[in-house]
Amino acid sequence: MGNLLTPKHRDVVSTGIVGLDDVLGGGLTRNQLYLIEGVPGSGKTTLALEFLLDGARRGEPVLYVTLSETEAELRAVAASHGWDMAGMGIREVVPSEESLLSDEQYTMFHPSEVELSETTKSILADVERFKPTRVVIDSLSELRLLAGNPLRYRRQVLALKQFFMGRSCIVLMLDDLTSASHDLQVQSIAHAVVRLEQLYPEYGAERRRMIVLKYRGVRFRGGYHDYTIERGGIEVYPRLIANEHRTGSVMEKVPSGIEAMDDLLGGGIERGTSTLIVGSAGTGKSTLAAQFVAAAAARGQNGALFIFDESKHTLLSRVAGLGIDLQTPMDEGRVTLQQVDPAELSPGEFVHAIRRAVDDHHASVVVIDSLNGYLNAMPQERFLIIQLHELLSYLGQRGVATLLIGAHQGLIGGNMITPVDASYLADTVILMRYYEAKGEVNQAIAVVKKRGGSHERSIREFRLDGGGISVGPPLRGFHGILTGVPMFESAEPQRQRTD
């Protein structure tokens, strides 16, 4: 784009939806015509009502012109959100019952020649009478049908645009995209175009997303942005752009509180870095992550856990049995624990929840348990790594120590695979494995990667029992531990040490 305008250099009006204002670079420029298009059920009417209600709360005269829905239907939508429509003008321009009678049918003129003219005159007369600063016309599909042909339709929309621009008015035109062939007539005329989309995954609830197709002279946030419709209105989750959140952060150590574990990590993990804990089911990945959060809370720092694969009650009771207290810091407000349902939560909403934990709750340690669950929450799996990279970049720039859990498929052996390989994105990789020794299944832990810091390269024994997490001395008595079936080089492996 050429010379792009910022909110400081243009007269901007809020849409009444915080996330949408962010996507639009601050809101809507005054005295312009905008197109909101989307299939039925995507939330166009809800968005339009929020826009007008925001103006009414500011004392502005506002007008909703409906060509399809009745006033009763609009009030029912508002009531479902708990909104008071006092101060909003509503004008129904819908066919009356009398128009169905035989003597009301046109004989000498085509209906489009009479009905379009009458409809337009009715809209203009209401605008002259109410003198609104905000107008919604719902919907263009009715005008398109009344026009009869594309030329008459385009001329009518252009005439409406010129009429409104001379009256210091912001106009939202809604289009339900129900015409057989979607044309670009109004898109070329409108100052900005916002499209609302509704997706239907094979499992789970519908997903909604929006995109700004054009906005003349304005730097808007491009790409798709997830949104939801809840009681109270639309909530938009702007696409995360990590570069917008650059802050200076100190590489402060975040110890686990277990001496041997911190020795393995060279003193602990660092704030501003991401750590991937990967291993088979049951090896203690979630427990180790919980230990880092509990240790941070004990030092007066805040933490946040987002769990996909386990219920909150199960996690809290299980770690409490190992001597890890998460309940107390949760009660004190230092730790938040959110159970994520991948069938209901969109990726954008999930990222927004993490941003809220970091920006509002000031979490210094964030746990995502697990990447497998995060993968299942994605409608397009091929974009997982891109979104994860942006999320980790944002958390790193905010000085957050991020712990990711990755579950291997399989329990023991050398051919372990994971559904998503995020090891190259993580700054530190902790590997947890089962191995067989003298008729018992034991557990081992090793740090196989750590950027920007030294770490111990030995493999240690790892155990969970009533005393908590135990990390033993390096297992130097045999080799091949990571294959699952090690070869002994001495009679007795070294016994573990409890810290």
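Tutor: A definition comes first: helices and strands here are DSSP runs, numbered from the N terminus. A lining residue has an atom within 4 Å of a cavity point. Keep in mind that this is a predicted model.

The largest cavity has a volume of about 60 Å³. Which element gives the most to its lining? That is β3, with three residues. The elements that give two or more residues are β3 (33–38), α2 (44–57) and β8 (192–199). Look for Tyr34, Leu35, Ile36, Leu47, Phe51, Ala192 and Val194 among the lining residues. Thr15, Leu20, Leu24, Leu28 and Leu172 line the largest cavity too. By class, the lining has eleven nonpolar residues, one polar residue and no charged ones.

Next, the packed side chains. The largest nonpolar core has 38 residues. Helix α9 (residues 285–298) supplies the largest share of this core, eight residues. Leu288 is one of the residues with the most contacts inside the core. Others in that group include Met261, Ile277, Leu403 and Val471. What does Leu288 touch, leaving aside its neighbours within four places in sequence? Its contacts are Met261, Ile277, Ile430, Met432, Ile445 and Ile469.

Key
Residues are numbered from 1 along each chain as its sequence is written. This is a predicted model: local features need pLDDT of at least 70, side-chain atom pairs count only at pLDDT 80 or more; totals for chains, interfaces and linings use all residues. Side-chain values use heavy atoms; hydrogens and water are left out. On a 1 Å grid over the protein atoms alone, a cavity is a set of points where a 1.4 Å probe fits but cannot get out, and a pocket is an open set with protein on both sides within 12 Å along at least five of seven lines; lining residues have an atom within 4 Å of a point. Grid points are joined across faces, edges and corners, and a volume is the space filled by probe spheres set on the points. Helices (H or I, at least four residues) and strands (E, at least two) are DSSP runs, numbered from the N terminus. Ala, Val, Leu, Ile, Met, Phe, Trp, Tyr, Cys and Pro count as nonpolar, Asp, Glu, Lys and Arg as charged, and the others, Gly among them, as polar. A nonpolar core is a set of buried Ala, Val, Leu, Ile, Met, Phe, Trp, Tyr and Cys residues joined through side-chain atoms within 4.5 Å. Buried means under 20% relative accessible area, exposed over 50%, partly exposed in between (1.4 Å probe, protein chains only). Contact means heavy atoms within 4.5 Å.
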